[in-house]
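Let us learn to read a protein model, one feature at a time. Please have the structure open.

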Amino acid sequence: MPVNILMPALSPTMEKGNLAKWLKKEGDTIKSGDIIAEIETDKATMEVEAVDEGILAKIIVPEGTADVAVNEVIAVIAGEGEDATSVSPPAKAEAPKAEVPKADAAKPEAPAPKAEAKPESTPQVTAESGFNTAGKTVSGDRPFASPLARRLAKEAGIDLSKVQGSGPHGRIVEKDIAAAKQGGAAKAAPATAAAGAPAAPRPAAAPLATGPSDEQTKKLFAPGSYEEIPHDGMRKTIARRLTEAKQTIPHFYVTLDCELDALLKLRAELNAAAPEKDGKPAYKLSVNDMVIKALALALKAVPDANVSWTDGAMLKHKHADVGVAVSIPGGLITPIVRDACHKTLSQISNEMKDMAARAKARKLKPEEYQGGTTAVSNLGMFGVKDFAAVINPPHATILAVGAGEPRAVVKGGQLAVATVMSVTLSTDHRAVDGALGAELLQAFKGYIEKPMAMLV
């Protein structure tokens, strides 16, 4: 029988995406694992693999279509032995219309009794991730799994809702299915009502404050004096997340100055000593590469600051994963240098160059920009002296880096000139108190002003 190809959920937060391009056309043979389409999310363009095999009988959603909902049918594959030309697109289900019995049609309807609010026993959903506590998507009750894992589970008759994912953000991957087979995971079966007492309802979150409406804002300007440019998905996501961050995270800020002369001297020596590869230096360190390394080492030295806040517990991270804000057309994205404290400066430098280039082309994978334990935002290249950055959940800190510039300083009671850089640490006061934030910033300053410590 024909198999529907559904719009995949390429990240935990994805609700809809743009079908940018079909890489197969109607009539083409499809094999499991073939790349069949490119999907644009709010942050990246990703390839979609086929799970089933057969003939691409019908493309339902043409390329270039925007805002295609997750789980919507985008194409149909004809199975072995089926006539691809006879396959028709699936009909959209319509809600059945309620019929009123003729005998009762003339009678006025009695007011329906008000339903009493009852606590539900369904898994709790986080506002940001769209995932319940078992790591499954709530929209459509469709587990968050890779295409290969979904196919293997289908062949083995394994209920994906019973499998715990080990991939990024709880995604179910191939090894989870293999483990489920060995462990005798529950087979797919009709859902039954959960027994036991219902969970206590959580208090409703306070609504976020709203600004003036579109019409109120437009009335402040003369008609024809402006151009309306519709928001794309990235801009909407940035606006939503940063508004939530400022309204739900109690920010506080710590600023100090770091002298850069020793770091700049070491950087020049390391770049001069870089071996050549294919006629080019194997690496070229930037100040930002050394800032990333210094912040990661500072978090290792002050582990109580390497945390994320949740309502139930503090998450104390075992690795320092540093996100780096990268400006791209229409917004920004934060690729993450994983376990940066254990990587060499050359590794960090080359990794950042690669991810920054792919970020500008929107080719990053979700696991390359989601998560992380802290972040760096550097505006020094624009001559900005200092600024305060907005924390990006689930981080509890973000470091804003200004420009290094010659300033008058006092050394040994004498006036001197040094290259000085101002940095501001924004912290989530629920997780990182003032003294702890200052301790982290002091550790960072130590690595910046004595950079040889980053090499040992």
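Reading the model

A: Thr 334 counts as buried because its relative accessibility is 13%. Buried means under 20% relative accessible area, exposed means over 50%, and partly exposed is in between (1.4 Å probe, protein chains only).

Q: Where is the place of Thr 334, and what does Thr 334 touch, not counting residues up to four places away in sequence?

A: Contact means heavy atoms within 4.5 Å. Thr 334 is in the loop between strand S16 (331-333) and strand S17 (336-337). Leaving out residues up to four places away in sequence, Thr 334 touches Val 324, Ala 325, Glu 368, Tyr 369 and Asn 392.

Q: What kind of model is this, and how are residues numbered?

A: This is a predicted model, in which local features need pLDDT of at least 70, side-chain atom pairs count only at pLDDT 80 or more, and totals for chains, interfaces and linings use all residues. Residues are numbered from 1 along each chain as its sequence is written, and side-chain values use heavy atoms, with hydrogens and water left out.

Q: What pLDDT does the protein average?

A: pLDDT is the predictor's confidence in each residue, from 0 to 100. The protein averages 82. In the protein, 79% of the residues score at least 70.

Q: Which elements have the lowest and the highest mean pLDDT?

A: Helix H1 (residues 102-105) has the lowest, at 44. Helix H7 (residues 287-301) has the highest, at 98.

Q: Over which residues does pLDDT stay under 50?

A: Where pLDDT is low, the predicted coordinates should not be read in detail. Residues 93-140 are one such stretch, with pLDDT under 50 throughout. The model has 45 contacts beyond four places in sequence for residues 93-140. Residues 188-197 also stay under 50. For residues 188-197 the model has three contacts beyond four places in sequence.

Q: How many helices and strands does the secondary structure come to?

A: Helices (H or I, at least four residues) and strands (E, at least two) are DSSP runs, numbered from the N terminus. This protein has 10 helices and 20 strands.

Q: What share of the residues is buried, and what share of contacts joins residues at least 24 apart?

A: Buried residues make up 38% of the 456 residues. Among contacts between residues at least 6 apart in sequence, 62% join residues at least 24 apart.

Q: At what angle do H2 and H3 pack?

A: Axes are lines fitted to C-alpha atoms, for helices over the stretch in contact, and angles run from 0 to 180 degrees between N-to-C directions. Helix H2 (residues 147-156) and helix H3 (residues 174-183) pack at about 20 degrees, with axes 8 Å apart. Angles under 35 degrees count as roughly parallel, over 145 as roughly antiparallel, 65 to 115 as roughly perpendicular and the rest as oblique. H2 and H3 are therefore roughly parallel to each other.

Q: Which residues of H2 and H3 meet?

A: Leu 148, Ala 149, Leu 152, Ala 153 and Ala 156 in H2 meet Glu 174, Ile 177 and Lys 181 in H3. The residues of this contact divide into six nonpolar, no polar and two charged. Here Ala, Val, Leu, Ile, Met, Phe, Trp, Tyr, Cys and Pro count as nonpolar, Asp, Glu, Lys and Arg as charged, and the others, Gly among them, as polar.

Q: How do the axes of H7 and H8 cross?

A: The axes of H7 and helix H8 (residues 345-360) come within 9 Å and cross at roughly 115 degrees. On the H7 side, Asp 289, Met 290, Ile 292 and Lys 293 make the contact.

Q: Is Gly 165 buried or exposed?

A: Gly 165 is buried, with a relative accessible area of 15%. Gly 165 is in the loop between H2 and H3. Gly 165 and Asp 176 are 11 residues apart in sequence and 6.2 Å apart in space, C-alpha to C-alpha.

Q: Is Lys 162 buried or exposed?

A: Lys 162 is exposed, with a relative accessible area of 55%. Lys 162 is also found in the loop between H2 and H3.

Q: What kind of peptide bond joins Pro 393 and Pro 394?

A: A cis peptide bond joins them, with omega about 15 degrees.
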